[in-house]
Amino acid sequence: MKKVLFTVLAGVVLAMPGMAQEEDYHQIEALITGGGYELAENVPAMKINSFADLINKRPAMPTANDLLTPEAKTAYARRSSAAYYLGVQNFRSALLDAQAELNSKTIELGKKQQKSNQKAMAQYNANVNAGLMPSQQEMMQLYMSGEITENMSDAQMMDVMAGKFAAKWGISKQEYIKIINMAQSNPKGTEAYLKSNHPDLYNRLYAANAKYGNQNVNVGDPHENEYGELGEQLSALANEAFEFRNTNMDMTKHVQFQAHSNAMLNDASFAAHTVGLPTNKLEELFVQIINDWRTSSECKRAIQIEDPLAERLNNWDCCKNAKEGQTICYPSWWIEGRKSENALIDAYNRKQAEKWLAEVKAYDVQVTALMKRLIALDNQLEQIRNGGEVTAAYAMAKSQAYIAATHLYDFNFILEVALQFPHVAHQEESYCWPFSIKG
């Protein structure tokens with residue numbers, strides 16, 4: 001069955017050139033690997049349809065035992081992370097399509113808004129000329145006199161304007177405020193109210209706006225302020241997520257790390273193994289785990305087992321009394337020795353895997369906190385829209401949600417980051433071959 005490498009890191013034994021017969025060099029020291037594992041291609045993708053699904057459907061982080069061998073990593077991926085990983089990839093693709101569609105809609109809405117603004121200005125000028133609305137000069141005088149200031153609330157500004165301009169409509173200040181507020185939320189209801197309660201004012205407005213069909217050509221979005229507030233919060237979150245990524249991945253340090261890795265192993269391919277790690281700390285820990293194996297107590301004790309084991313194997317008469325075609329296997333004492341070495345390797349891997357997972361989880365806690373904030377804000381955004389039309393104010397806020405999601409990319413693939421743990425490979429525990437009599 002065709003296999004694919006499911007993680008960024010290749011499962012290639014590093015420093016293999018050093019396995020030549022160098023003085024005081026042991027094969028065990030070269031068992032550290034890049035952390036790869038193989039997985040069948042036919043894994044079904046999980047269905048992920050929302051930001052909330054990203055967090056609600058994400059499997060639990062692997063344990064140290066899940067990282068000890070390629071087989072353990074494969075087993076974890078098959079039962080947990082592989083389906084999620086593929087689902088996330090599909091969701092990200094769908095997000096890109098949705099973002100492109102939103103961008104096109106925003107351009108369309110912008111053109112409509114521009115036309116609406118032009119009509120609204122013409123309608124406003126018609127009402128000014130009819131003595132129904134304050135002119136721009138009159139509004140400027142209120143600002144210059146200090147009667148209206150930028151620090152005022154909308155209600156306070158409306159109160160000042162009502163006191164100045166209600167007379168133009170021949171109604172009281174309170175009635176002016178009532179009608180203006182009604183017009184913002186229910187234009188048709190306002191028209192009926194004016195026709196019934198203020199027929200003279202209605203006729204004046206009708207005459208001034210007859211060419212516009214007596215419709216408010218720039219009614220606006222009733223949720224514009226709510227969308228605006230959420231958009232500002234989403235924009236702040238996107239900036240925070242951007243800064244968070246930059247803080248954890250300084251590109252200067254990243255380049256220095258790659259140069260160090262290449263010099264350490266004299267193997268340019270190693271630099272590619274670490275591109276998928278999201279933080280400088282994980283990059284540094286990756287190299288530290290590789291370095292520490294060769295000088296670890298576990299490696300030294302494994303060598304103490306392997307050296308006499310190899311010497312005894314050299315003196316073993318493997319084929320005494322063997323017959324043509326007979327299967328010859330290494331003896332039980334060699335198998336037991338290798339199992340002891342692998343127990344030491346597991347002990348080293350487990351200890352280092354716990355350090356690795358602690359660092360991965362520390363990063364994940366922070367990314368998850370940002371993701372939860374994104375989900376909460378996006379939920380509020382959709383609750384306000386409630387399946388309604390896409391307005392310019394909504395589109396602007398939603399675009400900030402997409403930007404924030406882009407900067408929180410690491411959340412989606414943190415399980416794969418955990419699986420990049422650079423484990424030490426096991427020694428072979430069995431070896432058999434068919435005996436052949438040479439002619």
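Predicted model: local features only at pLDDT ≥ 70, side-chain atom pairs only at ≥ 80, totals over all residues.
1. In helix α5, the buried residues are Glu175, Tyr176, Ile179, Ile180 and Met182. Buried means under 20% relative accessible area, exposed means over 50%, and partly exposed lies in between (1.4 Å probe, protein chains only).

2. Residues are numbered from 1 along each chain as its sequence is written, and side-chain values use heavy atoms, with hydrogens and water left out.

3. Helix α5 covers residues 173-185, and its 13 residues should span 18 Å at 1.5 Å a residue; the end C-alpha atoms are 19 Å apart, which agrees. The expected span of a helix is 1.5 Å times one less than its number of residues. Helices (H or I, at least four residues) and strands (E, at least two) are DSSP runs, numbered from the N terminus. The buried residues of α5 pack against α4 (154-169) and α6 (187-197).

4. Glutamate 306 is in helix α12 (residues 297-314). Glutamate 306 counts as buried because its relative accessibility is 12%. Apart from neighbours within four places in sequence, glutamate 306 is in contact with Ile28, Arg338, Glu341 and Gln427. Contact means heavy atoms within 4.5 Å.

5. One disulfide is found in a search of the whole structure. A disulfide is a pair of cysteine sulfur atoms within 2.5 Å. Here cysteine 329 is joined to cysteine 432, with S to S at 1.9 Å. The link is right-handed, with 110° about the S-S bond. Cysteine 329 is in strand β3 and cysteine 432 in strand β4, 103 residues apart, so the pair links distant parts of the chain. Cysteine 329 is partly exposed at 36% relative accessible area, and cysteine 432 is partly exposed at 41%.

6. Cysteine 299 is buried, with a relative accessible area of 0%. Cysteine 319 counts as partly exposed at 23%.

7. The whole structure holds 13 aromatic pairs. Rings of Phe, Tyr and Trp (its six-membered ring) pair if their centres lie within 6.5 Å; planes under 30 degrees apart count as stacked, over 60 as edge-to-face and the rest as tilted. Among the pairs is the edge-to-face one of tyrosine 85 and phenylalanine 413, with 5.6 Å centre to centre and 65° between the planes. Tyrosine 85 is in helix α2 (residues 70-129) and phenylalanine 413 in the loop between α15 (409-412) and α16 (414-419), 328 residues apart. Both tyrosine 85 and phenylalanine 413 are buried.

8. Tyrosine 330 and tyrosine 431 form a tilted pair, with 5.2 Å centre to centre and 50° between the planes. Tyrosine 431 is partly exposed, with a relative accessible area of 45%. Ring pairs link Trp316, Tyr330, Trp334, Tyr431 and Trp433 into a cluster.

9. Two arginines lie over rings. Arginine 312 is over the face of tryptophan 333, at 4.0 Å from the ring centre. The charged end of arginine 385 sits over the ring of tyrosine 394, 4.9 Å from its centre. A charge sits over a ring if NZ of Lys or CZ of Arg is within 6 Å of the ring centre and within 35 degrees of the ring normal.
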